[in-house]
Amino acid sequence: MIFFLYLRKFAFFSLTLRWEVRRRCPFSFCYIMMEGMVCRRDYLRLPDRRRCYEILRENQVPSHIVAHCEKVALVATFLAEALCREGEELDLALVEAGALLHDVTKHLSLKTGENHALSAASLLERLGYPQVAKVVASHIFCPPGPPGTPIREEEIVYYADKRVKHTRIVTLKERFEDLKERYGRSVSSLIRLDHLYELTRLLERRLFKKLPFGPERLLELEDG
Ligand SMILES: [Fe+2]
């Protein structure tokens, strides 16, 4: 009997410790060092769809941004699944979580002027999702990987975001015209956007070289 009471106490202590470690040491390197003693697998955990929506709700993300993220997730998972069929090894849950959460701090950045890719990444690090944080951190700037290298989850989420204008799937050209209208307030920002457009076109070529259909196929997702 006393043995079972000790066992229960130990189990409760372990759970409390895990929660405390996560609460107090939100950065990934702490997870590696400290959670390793408790549960190494937790470092690799990903938020499932339900948890992603919980995070969006907890951070009071407006519904129009949630709708944008859902459309980006639709495009990103469609691409990731198609690439997996062609032999790429992509973590589909990571792609979906990255897409659903990529703009989780966008509404705040409109007031504070912060870089919303970096602030979203640091929020997700604090919540204990370093892999998703890495994908989200690259959604504003993600140059294509070298030719012949495996496609990365961040390339998919970045590209999918550049194919969704608000909640509508569009061509890369239309999306960048919209970005220029909204953010091209100076000559230097216009030059930067032109450069980004060229890089994204390279990424588009890299992705679709591996697929049996072209970029225009994504427009058909709009019809369901
Ligand atoms: Fe976005």
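Modeller: Among contacts in the chain between residues at least 6 apart in sequence, 58% join residues at least 24 apart, where two residues are in contact if their C-beta atoms, placed from the backbone, lie within 7 Å. The model is a predicted one, in which local features need pLDDT of at least 70 and side-chain atom pairs count only at pLDDT 80 or more, whereas totals for chains, interfaces and linings use all residues. Residue numbers start from 1 along each chain, following the sequence as it is written.

The chain holds 11 helices and two strands, these being DSSP runs numbered from the N terminus, with at least four residues of H or I for a helix and at least two of E for a strand. Of its 224 residues, 29% are buried, a residue being buried if 20 or more other C-beta atoms lie within 10 Å of its own, exposed if 12 or fewer, and partly exposed in between, again with C-beta atoms placed from the backbone.

The largest nonpolar core has 41 residues; such a core is a set of buried Ala, Val, Leu, Ile, Met, Phe, Trp, Tyr and Cys residues joined through C-beta atoms within 7 Å. Two or more residues each are given to this core by H3 (49–58), H4 (63–85), H5 (92–101), H7 (116–126), H8 (130–137) and H9 (153–161), and H4 supplies the largest share, eight residues. The residues with the most contacts inside the core are Ala76, Val136, Ile156 and Ala160. Leaving aside residues up to four places away in sequence, Ala160 touches Val72, Val75, Ala76, Leu79 and Ala99. In H8, the buried residues are Val132, Ala133, Val135, Val136 and Ala137, and they pack against H5, H7 and H9.

As for backbone angles, most residues other than glycine have a negative phi. Gln60, in the loop between H3 and H4, has a positive phi of about 50° although it is not a glycine, and Gln60 counts as exposed because it has 8 C-beta neighbours inside 10 Å. His166 also has a positive phi, near 55°, and lies in the loop between strands E1 (164–165) and E2 (168–169); with 11 C-beta neighbours inside 10 Å, His166 counts as exposed.
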